[in-house]
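Please keep the view open as you read.

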Amino acid sequence: MGLGSRIEDINSFIKSPDDCVFQVSIWEKIKYLITAVSYDFGIAFIFVILSGVLSPLLEPYENLLNTETYTIWTSILIICILTPLLEEGIFRFSLKYKRNYLLRVLGYLLKKDFSNFWKRNLRPIVYIVSAVFGFIHLSNYTNVDLTFFLLAPIIVGAQLFAGIIFSFLRLKLGFLWAVLGHFFHNFILIMLAFLFFHNVERELINNENVIFKATGIAFTVERASNMSFDTLNNGNLLCLEVQNYSLQKVVDKLYPSDSLKIRDNDQVDFNLISKTPEGYAKEEFLKVLKEHYTFKKSKDSTLTR
C-alpha cells in the first residue's frame, strides 16, 4: 500500500470516523504511523505560519509552559512519555466501546446496551473528544480576553488536528499506536527545540560600535549562572558577559528603576563588547532586546516587542 493510499485512508477517517481496525502487518502499521505523524506536522506547520502572521495579536497571551525549564531528559520523560500515556488514556482509550468501562458499567446498571448508540454516534463522538482535547490546551495561557477566544481555533489548531490523527491511530490501529503517535509527535517537538533553539548562538548586532551575541537555552543545563558587566559613568556599557542566566534578572540588574517584565522565562548567554571607548548606550541595548524578546509592563500588562 502506497503513501497516497494511506493519506486517503486518513482523509476518509477525518470525514467519517469509524472503528473498523485495519488488518495489516506490523510493518504496514509502522508506515501508517509515520504517515499520520508526518501529515499531522504538515497541518501544524500551516498553523505555525498563521500564528506568525497573527503574532501582533497573539503576543499578549503568555503560555505557562514557557515559564518553567527542565533538563532534556526530564522533558522527554514528562512530555514524551507521561503526557501521551495520560492524555491518550483520558481522551482516546475509551473511544472503543468495549474499552469504555464507565459506559458499560452504566449500561449494566440501567440494563441497557449502549453499543449501538456508540457505533451510530461515533463520528460526532470523535469530533467532540478531539475538540475537547484541542481546546483544553487553552488552559496553558494567561491574560485571556475576547480576542483570545476568537483566535482560539488558530492558537490550538495544531492540537485540534492532532486529536483527530491520534483518534485515527487509536481506532484503526490500536491504543498503543495512538500512544506511539503522541510520543513521536512530542519527541519531534523536543528535538526541534533542542536542535534550533538550545545553545544556538545568534549575532544580534555587529557594527562599528558594538558586537552582541546571544545564545538561547531551551533546557536546564548543569553549569554555573553568572553575570558581569562594566559601564562608564554615564551608564553606557563597555562589556556584558552573561552565562546561563535568567533574562529577567539581566533586565532587573541593568534597568533597576524600570518596571520591565519578560513574558517568557528566557534563559540566555550574552556576550557584548563595545568597540568604542564611548560604550554602548543602555537605551539602545534595550531596543535590541525588545526586538528579539517579548516584554510586558508589570503595572498594566502591556506588551512590547
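## Aromatic pairs

The count of aromatic pairs comes to 19, where rings of Phe, Tyr and Trp (its six-membered ring) pair if their centres lie within 6.5 Å; planes under 30 degrees apart are called stacked, over 60 edge-to-face, and the rest tilted. One of them joins F13 and F168 edge-to-face, at 5.5 Å centre to centre with 75° between the planes. This pair links distant parts of the chain, 155 residues apart: F13 sits in helix α1 (residues 3–15) and F168 in helix α10 (residues 157–172). Helices here are DSSP runs of H or I with at least four residues, strands are runs of E with at least two, and both are numbered from the N terminus. Both F13 and F168 are buried, a word that means under 20% relative accessible area, with exposed over 50% and partly exposed in between (1.4 Å probe, protein chains only).

F91 and F133 also make an edge-to-face pair, because their ring centres are 5.4 Å apart and their planes lie at 75°. Here helix α4 (residues 72–91), which holds F91, is linked to helix α7 (residues 122–135), which holds F133, across 42 residues. F91 and F133 are both buried. Ring pairs also tie F13, F22, Y32 and F168 into a cluster.

## How the model was read

This is a predicted model, so to speak of local features pLDDT must be at least 70, and side-chain atom pairs count only at pLDDT 80 or more, while totals for chains, interfaces and linings use all residues. Residues are numbered from 1 along each chain as its sequence is written, and side-chain values use heavy atoms, leaving out hydrogens and water.

## A nonpolar patch

F184, I188, L189, L192, F194, L195, F196 and F197 make a nonpolar surface patch of about 760 Å². Patch residues have over 30% relative accessible area and no salt bridge; nonpolar side chains (Val, Leu, Ile, Met, Phe, Trp, Tyr) are joined within 5 Å, like charges within 9 Å. A salt bridge is a side-chain nitrogen of Lys or Arg within 4 Å of a carboxyl oxygen of Asp or Glu. F184 belongs to helix α11 (residues 175–196) and is partly exposed at 36% relative accessible area.

## T215 and the cysteines

T215 lies in strand β2 (residues 210–216) and is buried, at 9% relative accessibility. Beyond its neighbours within four places in sequence, T215 contacts N199, V200, E201, Q267, V268 and D269, with contact meaning heavy atoms within 4.5 Å.

There are zero disulfides, taking a disulfide as a pair of cysteine sulfur atoms within 2.5 Å. C20 is partly exposed at 47% relative accessibility, whereas C80 is buried at 1%.

Methods: Areas by Shrake-Rupley, 256 points an atom, 1.4 Å probe, with all protein chains shown as cover.
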